[in-house]
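Subject: Structure for your review

Dear colleague,

Please find below the sequence and structure that I am handing over to you.

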Amino acid sequence: MNIILLGPPGAGKGTQARMLVENRNMIQLSTGDMLREAKDSGSDMGKLVAEVMARGDLVTDEIVIGLIREKLQGDKKGGFIFDGFPRTLGQADALAGLLAETGDTLDAVIEMQVDDEALVSRITARSTCGNCGEVYNDNTKPIPADGICTSCGQKAEFKRRADDNAESLKTRLMEYYKKTSPLIGYYYAKGDLTSIEGLGEIDEVKAAIDAVLG
């Protein structure tokens, strides 16, 4: 099963993706992680990525599609979660072409709907475990008093992203609405889209996603 999780920054896509990896043996294809992995691999594609990043240039869609192609040709396990790609209609078309090329399918696109005001409140209160990336929130899931992450069980340094503030979030939301939100209509027209409430408790959102995936 291959899926896309859609939603604005802070909607909880990363948290839900990690749970899908753990519970369904899926593979999370994070654009950032793939680029870092390729850069350190020493492969031909990795050398190209390193050169582009060294110049300070943006990595092209062709490079990202090439990295995804390599993943699709490997162990598929329980399927793939596309994380951070596609972000634009052009990228969505490129992904559709790649899936057709490799004989894979896109089984679900899940939009995690959120309220902007509630999202700002959530984001400005969030921290992550420096070891495993588990997300905590000052209001709904405080950092453990003993400093031990409840997910990885290790003593951790809990970090806040520098751009997790109201002003930066507004900029990131505008970028999302301009470039990525058109994907909602794109996948709705294809009959692939299901929208769920994204601001519930983590287990409630998980249950809604499980209901979509079956």
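In this model, which is predicted, strand β1 (residues 3-6) pairs with strand β4 (residues 108-113) in the parallel sense, over 4 bridges. Within that pairing, I3 has A108 of β4 as its bridge partner.

Both strands belong to an open sheet of 5 strands with parallel pairing, arranged in the order β2-β3-β1-β4-β8. Because β2 (27-30) and β8 (193-197) lie at the edges with a single partner strand each, one side of each is left without a neighbour in the sheet. On average, neighbouring strands of this sheet are turned by 25 degrees against each other, direction ignored.

A further open sheet consists of 3 strands in the order β6-β5-β7, and here the pairing is antiparallel. Its edge strands, β6 (135-137) and β7 (158-159), each pair on one side only. Strand β5 (residues 126-129) is joined to β6 by 3 bridges, the two running antiparallel; T128 stands opposite V135 of β6.

I also examined the second largest pocket, whose volume is about 190 Å³. Its lining is formed by T15, R18, M19, E22, C132, E134, K141, T150, S151 and I202. Helix α1 (residues 13-24) supplies the largest share of this lining, with 4 residues. Sorted by class, the lining residues of the second largest pocket comprise 4 charged, 3 polar and 3 nonpolar.

With kind regards

Terms used
Residues numbered from 1 in each chain as written. Predicted model: local features only at pLDDT ≥ 70, side-chain atom pairs only at ≥ 80, totals over all residues. Heavy atoms only, no water. Pairing = 2+ DSSP bridges. Axes fitted to C-alpha atoms, helices over the stretch in contact; angles between N-to-C directions. 1 Å grid on protein atoms, 1.4 Å probe; cavity = no way out; pocket = protein on both sides within 12 Å on 5 of 7 lines; lining within 4 Å. Points joined across faces, edges and corners; volume = space filled by probe spheres on them. Nonpolar A, V, L, I, M, F, W, Y, C, P; charged D, E, K, R; others polar.
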